[in-house]
Structures are given as C-alpha cells and as structure tokens.
Amino acid sequence: MATPTPITDEQLAPFRAAMQTIRTPGTYDKVYNDECVFSFDTPFSPGGLYVSLSNWQGVSASYLTSHSIKTSSPVYVTLG
C-alpha cells in the first residue's frame, strides 16, 4: 500500500480561505442531495452529484463551474 502524500500549507490555503462560506444546515433548511437543481442527474449518475456547502444545492458535474461562479460557492462535497 502506498504512503499518502502529506498536504502542504500552499495546497490548504484556498480551502482555509473558503472555510468562512461553509454553513451547517438548520432544522428547517432543505438540502438538495437527491438530484441536480438544473438537470435530473443523481448521485448515481456518471460524475455523481456535488452539493454546495454554502447553500446546499446539488449540481451535476456539467453545471458545477457555472454554479460555483454564479453563487460564489467554493466548497462542495461529492456524492456518488
């Protein structure tokens, strides 16, 4: 088994800067993790589903860049 490469501070810098945008969903917040808000892609589709940690909207890989630019959401979790 290969030894994992340690992550450097330079690699973590963009993530640390984006940490202020990450929010935890509350009791009444809807998390769109079943399908893409723009298409019918699901976590089982090729490429999976990406859920923004800023607004909890799920988007497919084909809409990820445009969604990130439009909503200023820099951090996503991948489902699938």
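Buried means under 20% relative accessible area, exposed means over 50%, and partly exposed lies in between. Keep these cut-offs at hand. The model in these exercises is predicted.

**Exercise 1. Sort Ser39, and find what its side chain reaches.**

Step 1: Locate the residue. Ser39 sits in the loop between α1 and β1.

Step 2: Apply the cut-off. Ser39 has 18% relative accessibility, so this serine counts as buried.

Step 3: Look for a partner. The Ser39 side chain reaches the backbone nitrogen of Asp41 at 3.4 Å.

Step 4: List the contacts beyond four places in sequence. Ser39 touches Ser60 and Tyr63.

**Exercise 2. Give the order of the elements in the protein chain.**

Step 1: Count them. There are two helices and three strands.

Step 2: The order is α-β-β-α-β.

Step 3: The C-alpha trace spans about 35 × 30 × 25 Å along its principal axes.

Step 4: Residues 24 or more positions apart supply 41% of them.

**Exercise 3. Describe the surface and the charges of the protein chain.**

Step 1: Start with burial. The chain has 80 residues, and 24% of them count as buried.

Step 2: Take the accessible surface. It comes to about 5900 Å². Carbon and sulfur atoms own 59% of that area.

Step 3: Count the charged side chains. There are 4 positive and 6 negative ones. The centres of the two sets are 7 Å apart.

**Exercise 4. Is Asp41 buried, exposed or partly exposed, and which residues does Asp41 contact?**

Step 1: Asp41 belongs to the loop between α1 (9–18) and β1 (49–52).

Step 2: Compare with the cut-offs. The relative accessible area of Asp41 is 25%, so Asp41 is partly exposed.

Step 3: Set aside neighbours within four places in sequence. Asp41 then contacts Asp34, Glu35, Cys36, Leu49 and Ser60.

Step 4: Go further along the chain. Asp41 and Tyr63 are 22 residues apart, and their C-alpha atoms are separated by 10 Å.

**Exercise 5. Find the aromatic pair and classify its geometry.**

Step 1: Search the whole structure. One aromatic pair turns up.

Step 2: Name the partners and their geometry. Phe38 and Tyr63 lie 5.2 Å centre to centre, with 35° between the planes.

Step 3: Apply the cut-offs. Planes under 30 degrees apart count as stacked and over 60 as edge-to-face, so the rest are tilted. The Phe38 and Tyr63 pair is tilted.

Step 4: See what the pair links. Phe38 is in the loop between α1 and β1, while Tyr63 is in the loop between β2 (58–60) and α2. The two are 25 residues apart, and the pair links distant parts of the chain.

Step 5: Check accessibility. Phe38 has 43%, so Phe38 counts as partly exposed. Tyr63 has 32%, so Tyr63 also counts as partly exposed.

**Exercise 6. Where does Ser73 lie, and which side chains make polar contacts with the side chain of Ser73?**

Step 1: Find the loop. Ser73 lies between α2 (64–71) and β3 (76–79).

Step 2: Judge burial. Ser73 has a relative accessible area of 1%, so Ser73 is buried.

Step 3: Take the polar contacts. The side chain of Ser73 meets that of Ser52 at 3.1 Å. The side chain of Thr71 is another partner, at 2.8 Å.

Step 4: Ser73 touches Ser52, Ser54, Asn55, His67 and Ser68.

**Exercise 7. Is Pro46 buried or exposed?**

Step 1: Pro46 is in the loop between α1 and β1.

Step 2: Use the cut-off. The relative accessible area of Pro46 is 81%, so Pro46 is exposed.

Step 3: Relate Pro46 to Ser60. They are 14 residues apart along the chain, and their C-alpha atoms are separated by 9.0 Å.

Definitions and conventions:
Residues are numbered from 1 along each chain as its sequence is written. This is a predicted model: local features need pLDDT of at least 70, side-chain atom pairs count only at pLDDT 80 or more; totals for chains, interfaces and linings use all residues. Side-chain values use heavy atoms; hydrogens and water are left out. Helices (H or I, at least four residues) and strands (E, at least two) are DSSP runs, numbered from the N terminus. Buried means under 20% relative accessible area, exposed over 50%, partly exposed in between (1.4 Å probe, protein chains only). Contact means heavy atoms within 4.5 Å. Accessible areas come from the Shrake-Rupley method with a 1.4 Å probe; for residues, only the protein chains shown count as cover. Lys and Arg count as positive and Asp and Glu as negative; His and the chain ends are not counted. The place of a charge is taken as NZ of Lys, CZ of Arg, CG of Asp or CD of Glu. A polar contact is a pair of N or O atoms within 3.5 Å; within protein, one must be able to donate a hydrogen and the other to accept it, and residues adjacent in sequence count only if both atoms are side-chain atoms. Rings of Phe, Tyr and Trp (its six-membered ring) pair if their centres lie within 6.5 Å; planes under 30 degrees apart count as stacked, over 60 as edge-to-face and the rest as tilted.
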